Each structure stands twice: as C-alpha cells, then as structure tokens.
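Here are my notes on this one, as numbered points. Have a look at the model first, then read on.

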Amino acid sequence: MARDRGRSSGGAEQGGDEFVLVALGGMGEIGMNAYLYGYGPAKARNWLLVDLGITFPEGEFDPGVDVILPDLRFLEEDRASLSGIVLTHAHEDHVGAVIDLWPRLEVPIYATPFTAGMLKAKAAEFGGRMKLPINVLPMGGRTQIGPFEIELITMSHSIPEPSAVAIRTPAGLALHTGDWKLDQTPFVGDPPDERRLETLGGEGVRALICDSTNAMRDGRSPSESDIASSIAKIVKAAPKRVAITTFSSNVARIKAVADAATASGRTLVVAGRAMHRVIEVARETGYLPEDFRYVDQQQFKYIDRSKVLLLCTGSQGEPRAAMARMADNDHPDVQVAKGDLVVFSSRTIPGNEKDVGRIQNAFVRMGCEVLTDAEALVHVTGHPRRDELKQMYQWIKPELAVPMHGEARHIRAHAELARAAGVPEVMPAYNGEMVRLAPGPAAIIDDVPVGRLFRDGRLIVSSIEGPVRDRRRLAIAGICVVALVMSDRGEVLADPEIVLDGVPEKDADGEEMYDVVADAVDGALDSMPQKRRKDVETVREAVRRAARAAIGSAWGKKPVCKVLISVIDD
Ligand SMILES: [Zn+2]
Ligand SMILES: [Zn+2]
C-alpha cells in the first residue's frame, strides 16, 4: 500500500530534541489504550505514558483468555527513561492493565480522585498487597513529570472525571483529549471546561491527539440528562418489576436509575460486586450523595413486585454477572418473570453480540418485556460525534491532528474531518509507529515493538509463543496421545495405550478411531527394524506421523499427536 506520508528524520537537526508520540495500543483499535509521549534526542528520550488499558478477547480465537494487555517490551528495556503514567479516566480500556503491568514499570501514577479511588479499590480486591504509588491530582490540576508539564482539562464522558491532558514541552504543546463528548448537563460532575479549551487554542497547540470512536457518526450526542428523564418515564409506566443493567462505571446512569426509583416510589436493589464497588468510590469522592440509599440483593424477596427497581451488572452478557444468571433463572437472590420489564441501558460492545442476544432472548421467552437502545432512549454514547469533533478543532486550532482511539475506518474518517476542518497537517498512525510531533513537519520516524499479552488465569503470557496458540489447535482438532513401553534394545514390551480427546469415536464406516490409531501404531513399529527402534526419537516421530495420518484419512482432520515412550533397561 502506498503511503502518503514520509518516513524520514528530515526537519529536525541530528541529535536535537524532538517531541514524539507512539501508541503501544489504541491506534487501530478501540481498546487497550497506551500512548507514549517522548521528549529528547533520539538516543536519550524521556517518556510519559498516558493510560494503560486492556481489551477483551474474541471468544473462540483466544480460548480461555480473560483479558488482553499491551506488550510493554519497548518500555521494559529502558524503564529508567519512563517518568510516569497519567490516567485520563477509570474505564478499563484506559486503566485495566495497570495492576498487572505496573510491577514491570514501577513509576509514579497520576490520576484524579475518582480514577485513583477506582484503581485503589480494584487493587485492594485483585492486586494482593500491591501498593500503587498514585499521586492524586485535582480536576484541572497541573504538575511536572520529567520534562513534561502536565495540565488536566475537565471533559465529559460516561464516567466521572474524564480529563484531557495538555502536555507542554520546550518543543511545543500537545493536547491529548482522552475519551470525551460535549455534554453541558452530564448529570454528575462538571460540564467540560470549554473556556479552558478555547484559551489553550489561543496559546497555540502544536498537536491535537483526539478520540475517533464516533468520527463516522453525524451530529452531536444526546446528553446524559436526556437519558435520565427517559429512564424515569419508562420506570414510572412499568406495572411490575423493572430490572436495569448498565456499565457499572457509569455513575450518572446509576444516579439516574436511583432517581427513577425514588420518583416512582420503588426500592432500589443493587446486584453485582462491580456495581457496589463503583457506588462506594462515587460516594467517597462526592459523585453520589453520602446518604445514597439502596438495599442489597438479599432483601429483594421481601419487596412487592411493583415496588422494586433492580440495578444489575452484566450488560455485556458476562456469564457470571447478575443479568446472565437471571436470564438462566439461576440467581440465588434476584429474579424476573412474565410481565416484568428488563432494560439494557448500554451499548453492546462489538464481540459481545452473541452473549447479549442470548440473554435478551431468554428474557423474552420468559415473557419479560426487553428494552434496548434500539427501541428507546435508554443509552447514549460517551464519545464525540462529528459536530462535536468540528467544535473541538475550532477551539484548539492545532497545527497537526493525530487521530486516536479508533479502528482504521474511524481513524480515516477522523483524518478526513480534520483536513476538512482546516488542520494543516494530519498524520494518521497505528500502534508502534512513532510520530514526530515537533519540531515539524510531522513524520513517522521509527517503528517500535508492540504486541499483545494475555491474562490467562493468574498469569500473564505471550499472545504469540504462549499456551493459547496450542489451545487454539486443541480446540479445533483435539488430541491423540500414544504411550509405549520399550526395552533399551528396541523391543515393544506392551500394547500401546491410546487416549483420544476431542476426536470422533468412529469413522464414517463405523470403525472405532481407537482401532484406526492402534493399527497405524502397530504398522509403524513393525516396519522399523529393531536396530532403528533403539533410537527413541526416531520411534516417537514415526509413531506420531502414522497416528496423525491415520486419523487424518479417517476423519479429514488431524489432531495434535503426542507419543510418550518409557524405556526399560534389561
Ligand atoms: Zn472511556
Ligand atoms: Zn476508551
């Protein structure tokens, strides 16, 4: 593919200080955000990491993987050059990898009170005795981190305390927006600091690194307050129980649901540990009132059917969360039944459609009414649509635009929008491509190693050479194990033992697959002179090939084959 951008070091004098950006995650995908800003000469840069998030596996392609984390190899090689990590907000795609990966970096973390509170609560639950060195900054706060002068700018999004980060260096100022939208009535927290954004534009912004999620959607996104009044109406009109699920981190939505309960004389019941954790942090940081009241799920059974409003986790179809368990009629404390209303106050993240659809269908079969954002105003995006992006470009007037937080199609749409908005330089880049922001002109000047790690049970493993690659093969074609006992003179001392897992029992003619393998193993052993059978590795390979080929011709698929040989001296 032809590139319309230079890959050169022209424009900066040899060895001079440069201001650069490279995404270790987040450019070319929505998720796993990890943006690395650098300042200094090519051989001795100082780094600042903005966000350190996760992304989710895609079911059968990553069997058994819990979450996906960015590969920080590039930083780990020279971690003394990393000055700190700034977190823009507490969504998992921005902070979800901190607990797993911080021990590899051991640098100070900077975050606002709610984000810090969420991280500490999670570390207390999952991080053992890990003590994260979090420096709490106020909203709109400033601090110096290495050569970077940092200023947070209050934005609105779908979680409290989203911040854009203004990064000042001697080479110029970059504004990293984080996730944002323009919501003047965000329902909790302050509206975006539009005046500060405008002032920054007046100061002269070299580069705007901006959210691309909704760059293909026209117009402006509705306000969180519109959703709150819509939910209140829906709850009021419902005759029986109402169960609402949303992203547990959306405190405004939690408050909207609580207000709807109060307005309709219902008791709020909260089910799901993640929801409890968020409510606790939101109370501590003032985003929910101290006396925010709800009852625990054990009280559910005592409340009249028309007087209950159930708020639960599991909007993405997570199998262990409250929604999935209610759909299977398998929850110990909370239930819905025919005539009840179930509301998905959420968007289904791509990849989760099947799980969410299964649950919604189960509720419909039960006789519940199911409302999603396709039928009613029950959810709104937290990301800027095209008119909001244009407004941002008008305020900031950057010399250079670098779209982030998007797949290729979002990044391209955003780049076109930025050009149309009159931005002189637009530099689309993907994970691992190092962009020189200043001194200009912008260019891709280097490639750094990037990749993905898997959280696999309690361990972090490689996505490429790790165990998940083997599991993919096992998932597709099963395994055949053959165990042999031989003497050191090459005699076979017992009938081979054969284990087949994930392989059909019989072939199309009804012959047992076990016999197919046993014949193949005997054939392979018989055809080898005893002298050659003294070499264990030769036997192993011959038997493995024979078993695999025999199953292959009987089945049309070849399983993983393992041959275990015990050699007995005599
Ligand atoms: Zn977010
Ligand atoms: Zn995000």
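1. Start with burial: 47% of the 570 residues in the chain are buried. Buried here means 20 or more other C-beta atoms within 10 Å of a residue's own, exposed means 12 or fewer, and partly exposed is in between, with C-beta atoms placed from the backbone. Keep in mind that this is a predicted model, where local features need pLDDT of at least 70, side-chain atom pairs count only at pLDDT 80 or more, and totals for chains, interfaces and linings use all residues. Residues are numbered from 1 along each chain as its sequence is written, while chains are lettered from A and ligands numbered from 1 in the order in which they are written.

2. On the overall layout, the C-alpha trace spans about 85 × 75 × 45 Å along its principal axes. There are 16 helices and 27 strands in the chain; these are DSSP runs numbered from the N terminus, helices being H or I with at least four residues and strands E with at least two. Of the contacts between residues at least 6 apart in sequence, 71% join residues at least 24 apart, a contact being two backbone-placed C-beta atoms within 7 Å.

3. Now the domains, whose bounds come from an automatic or database domain assignment. Domain 1 covers 18-219 + 381-449, domain 2 is 224-371 and domain 3 is 467-568. How far apart are the C-alpha centres of domain 1 and domain 3? They lie 52 Å apart. Five residues of domain 1 are in contact with four of domain 3. The domain 1 side of that contact has two nonpolar, one polar and two charged residues (Ala, Val, Leu, Ile, Met, Phe, Trp, Tyr, Cys and Pro count as nonpolar, Asp, Glu, Lys and Arg as charged, the others, Gly among them, as polar).

4. Next, an open three-stranded sheet with the order 26-25-27 and mixed pairing; strands pair if DSSP finds at least two bridges between them. Ile479 is worth a click: it stands opposite Asp501 in strand 26 and has Val560 as its bridge partner in strand 27.

5. Helix 14 (residues 513-526) touches strand 25 and strand 26 and makes about 135° with the direction of strand 26. Helix 16 (residues 536-555) lies across strand 25 and strand 27, at about 145° to strand 27. Axes are lines fitted to C-alpha atoms, for helices over the stretch in contact, and angles run from 0 to 180 degrees between N-to-C directions.

6. Most residues other than glycine have a negative phi, and most peptide bonds are trans. Met32 has a positive phi of about 55°, and is buried, with 29 other C-beta atoms within 10 Å. Lys397 has phi near 45°, but is partly exposed, with 17 such atoms within 10 Å. Cis peptide bonds join Ala438 to Pro439, with omega about -5°, and Gly440 to Pro441, with omega near -5°. Pro439 sits in the loop between strand 21 (433-438) and strand 22 (443-447), and Pro441 is also placed between strand 21 and strand 22.
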